[in-house]
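Please consult the sequence and the model while reading.

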Amino acid sequence: MLELVPLGVSAVVLVAYVAGVRRLRRRGDRWAAARTRCVVAATCCVAVADLPPVGNHDDVFAVHVAQHLLTAMVAPLLLALSGPVTLALRAAPTAVRKRLLRLLRSRPVGVLASPAAAVVLDVGGLYVVYLTGLYRAMESHEVLHAAVHLHMFLAGCLLAWVVVGIDPVRRHGTTVKLGTLVVVGAGHDTLPKLMYAHDLPVGAGTALARHVGAQLLYYGGTAVELVVAVVVMAQWWRATGRRLAHSARRGTPTRRGVSKSRVLPRVGCTDDPSAAIGGPASFIGRRVRSRPSGPGRPLRVGVVVADPVSSTRRRPRRGGGTATGPTRH
Amino acid sequence: MPSSRTVWSGVLSGIGLAAFVDETVFHQLLHWHHFYDRSTLTVGLVSDGLFHAGGFVSIVVGLFLRADAMRRGGFVPRRWWGAVLVGAGAFQLYDGLVQHKLFRLHQIRYHVTIWPYDVTWDVLAVVLVVVGAVLLATGRARSRQ
């Protein structure tokens, strides 16, 4: 029963999420359907991993690895993209909202939401599970088993929030996100090879079973990390597109230090109203038509004047408070 | 420079491409070498992992930068290809000179006479860089017209 805790957590999140979306809808606010699809998909991933026919065969090492990929990598990625904290900040009653904001700005959350903490808890946890005797121990202790599963799920969430999160928790620049991803990717690549080379983890069945599991961890992990890299860059692509459209409307580029003169498309990049509310999964390929086409000639924008107001690269954080670096309010 | 994005995009894609080809062909298909195998196996595996993750991330970043350059209208295909070759060649040259020879992290192949391999490796890298630089220079000339 205890191994169903992650499923319980995500089911509660799903119910609260749907209630929040209904509340927004009732008062006439919009909430991207893609985000709701993300949270539903995340719950499905956890359900597939924890329920029969997969969940009752996790004594087979490859099945255990598949569960790990689903609950500790794919599901957290989808949850982070669904923006549940943003939704809560919009939909919850004022008292709850205030308490949530105070929590988000607190020091422990700030420390936990740092890339270093997320990497250590997630990748470090993985190494401890597979390279020490913990895997064998958790196979025979139900509570330990459930605790490890829950830890990997939560640590995965932490990492996903750091790298692709859309919530105003503690936002990082694209470079930091990509750096974190490379470190995690390297850690995640190395572990299966170590397991393969040293016949670990102990207690994971025959050598063949361990090798199959290690390879699944390697290739599955690489696939997920590739998707994460695409998501990070797609988020960057959208944010840059918004900035470009904004500067095209204002007639001056807003980013300093990019170029002395730039050619901007005459057709606005993000005038599409659905872009403003589009969910995290709806960005790919959306802005293709922003290339100047037809009779319209590109609008040449003059020399960039250093703009002190927009000297930060990132958008202002709605969470405020906990963020490091320059913010504008 | 209007097309600096083009160049960065090309260089990152080139590095990623070189890393990918190296990893796939030499590490995984031929099993000639690891990224690092003079030390223990563990360190070799860790650096292999970094190499792998860094390679695929730089391809993704490079291609998104390319899309961004196209969106901004400052994309010069010839310069991009030039930058790809420069990136790939520079990466290979760095691999060949610094990693293989200076740090002696690993050799291209073991239990064979190594110098023909080294010469081929480095000459190929220089050819890539030179061809890439020519493309970059002529691409710039064309874009100024």
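The expected span of a helix is 1.5 Å times one less than its number of residues. Helices (H or I, at least four residues) and strands (E, at least two) are DSSP runs, numbered from the N terminus. Helix α10 of chain A (residues 174–198) has 25 residues and should therefore span 36 Å, in agreement with the 36 Å between its end C-alpha atoms. Just after α10(A), A:Asp199 adopts a positive phi of about 55°.

## Basis of the model

The model is predicted: local features need pLDDT of at least 70 and side-chain atom pairs count only at pLDDT 80 or more, while totals for chains, interfaces and linings use all residues. Residues are numbered from 1 along each chain as its sequence is written, and chains are lettered from A and ligands numbered from 1 in the order in which they are written.

## Composition of chain A

Chain A contains twelve helices and two strands. From the N terminus on, their order is α-α-α-α-α-α-α-α-α-α-α-β-α-β.

## Surroundings of A:His149

A:His149 lies in helix α9 (residues 142–164) of chain A. A residue is buried if 20 or more other C-beta atoms, placed from the backbone, lie within 10 Å of its own, exposed if 12 or fewer, and partly exposed in between. A:His149 counts as buried because it has 26 C-beta neighbours inside 10 Å.

The C-alpha atoms of A:His149 and A:Leu4 are 9.4 Å apart, although 145 residues separate the two along the chain.
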